[in-house]
Amino acid sequence: MKSNDFQILQKLKKGNPTAYKQLFDEYYIPLSVYSLKYCDSFHLAEDIVQDLFIKFWNEKIYLRLENEISPYLFKAVKNNTLKTIKKNNKYQLEEIESQIEKLIIDETDIELIEQERKKLYQEIDQLPEKSKEVFKAIVLDNLKYKEVAEQLNISVNTVKTHYSRALKQLRNSLDIIIMLLLI
């Protein structure tokens, strides 16, 4: 058992609120980075860790711990991250299906699609430079995250971040992006 973990746990069990701050200061960043291992957004990772700390305090989970705190925290972060990703993916698939249905219905109006495509390219040109490069490489050139990372000499997580930002900015053109992905 880490001696610092043991001291924090003993203080928490005695009701010392400074121990909670000490626990937060010691584990917040490592847990956020650990969560990022399973998801592609540091903001999401931070939300997951913050929720865990709130639950840890509100439900007095520390009273049930006999040994180290860290294995519990890391396991809980991993489980919560995977649950969140699963939940988010379900919603994304529903959104994609909706967009595909919309595209199928609008299939006859090729002129409209071409207008939307031009609008998308204009929006892509307005993206920040790195986000634009990453987006074009993934969507237009059909490259994998790893290939883009090697091509641009950046990490895979940086590629994911730029891609996520680009998609957020291009949210209004989602139906055309899906069409490009399906082509």
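Mentor: Start with the term. A residue is buried under 20% relative accessible area, exposed over 50% and partly exposed in between (1.4 Å probe, protein chains only). By that rule, 33% of the 183 residues of the protein count as buried. This is a predicted model: local features need pLDDT of at least 70, side-chain atom pairs count only at pLDDT 80 or more, and totals for chains, interfaces and linings use all residues. Residues are numbered from 1 along each chain as its sequence is written, and side-chain values use heavy atoms, with hydrogens and water left out.

Trainee: How many helices and strands does the protein have?

Mentor: There are 9 helices and 0 strands. Both are DSSP runs, numbered from the N terminus: helices are H or I with at least four residues, strands are E with at least two. Read from the N terminus, the order is α-α-α-α-α-α-α-α-α.

Trainee: What makes the span of α3 close to the expected one?

Mentor: Compare the values. Helix α3 covers residues 42–58, 17 residues in total. The expected span is 1.5 Å times one less than the number of residues. For α3 that gives 24 Å, and the helix reaches 24 Å from its first C-alpha to its last. In α6, with 12 residues, the reach is 15 Å, close to the expected 16 Å.

Trainee: Which residues of α3 are buried?

Mentor: Ala45, Glu46, Ile48, Val49, Leu52, Phe53 and Phe56. They span an arc of only 160° around the axis, which places them on the same side of α3. The arc is taken from the directions that run from the helix axis to the C-beta atoms. In general, an α-helix has 3.6 residues a turn, so residues three or four places apart point the same way.

Trainee: Which exposed residues sit on the face of α3 turned away from its buried side?

Mentor: His43, Asp51 and Asn58. At the start of the helix, a side-chain oxygen of Ser41 comes to within 3.3 Å of the backbone nitrogen of His43.

Trainee: Is Asn153 buried or exposed?

Mentor: Exposed: its relative accessibility is 69%. Asn153 sits in the loop between α7 and α8. Its phi is positive too, about 60°, and Asn153 is not a glycine. Asn142, which follows α6, also has a positive phi, near 60°.

Trainee: Why does Leu127 count as buried?

Mentor: Its relative accessibility is 5%, so Leu127 counts as buried. Leu127 lies in the loop between α5 (110–125) and α6 (129–140). Neighbours within four places in sequence aside, Leu127 is in contact with Lys132, Phe135, Ala166, Gln169 and Leu170. Contact means heavy atoms within 4.5 Å.

Trainee: How far apart are Leu127 and Arg165 in sequence and in space?

Mentor: They are 38 residues apart in sequence and 9.1 Å apart in space, C-alpha to C-alpha. Across the protein, take contacts between residues at least 6 apart in sequence: 61% of them join residues at least 24 apart.

Trainee: What makes α6 roughly perpendicular to α8?

Mentor: Two packed helices are described by the angle between their axes and the distance between the axes. The axes are lines fitted to C-alpha atoms, for helices over the stretch in contact, and angles run from 0 to 180 degrees between N-to-C directions. Under 35 degrees counts as roughly parallel, over 145 as roughly antiparallel, 65 to 115 as roughly perpendicular, and the rest as oblique. α6 and α8 (residues 156–169) pack at about 90°, with axes 8 Å apart. That makes α6 roughly perpendicular to α8.

Trainee: At what angle do α7 and α8 cross?

Mentor: Roughly 105°, and the axes come within 8 Å. α7 and α8 are therefore roughly perpendicular as well. Tyr145, Lys146, Val148 and Ala149 in α7 meet Val156, Val159, Lys160 and Tyr163 in α8.

Trainee: Which side chain makes a polar contact with that of His162?

Mentor: The side chain of Ser131, at 3.4 Å. A polar contact is a pair of N or O atoms within 3.5 Å; within protein, one must be able to donate a hydrogen and the other to accept it, and residues adjacent in sequence count only if both atoms are side-chain atoms. His162 lies in α8 and is buried, with a relative accessible area of 14%. Ser131 is among the buried residues of α6.
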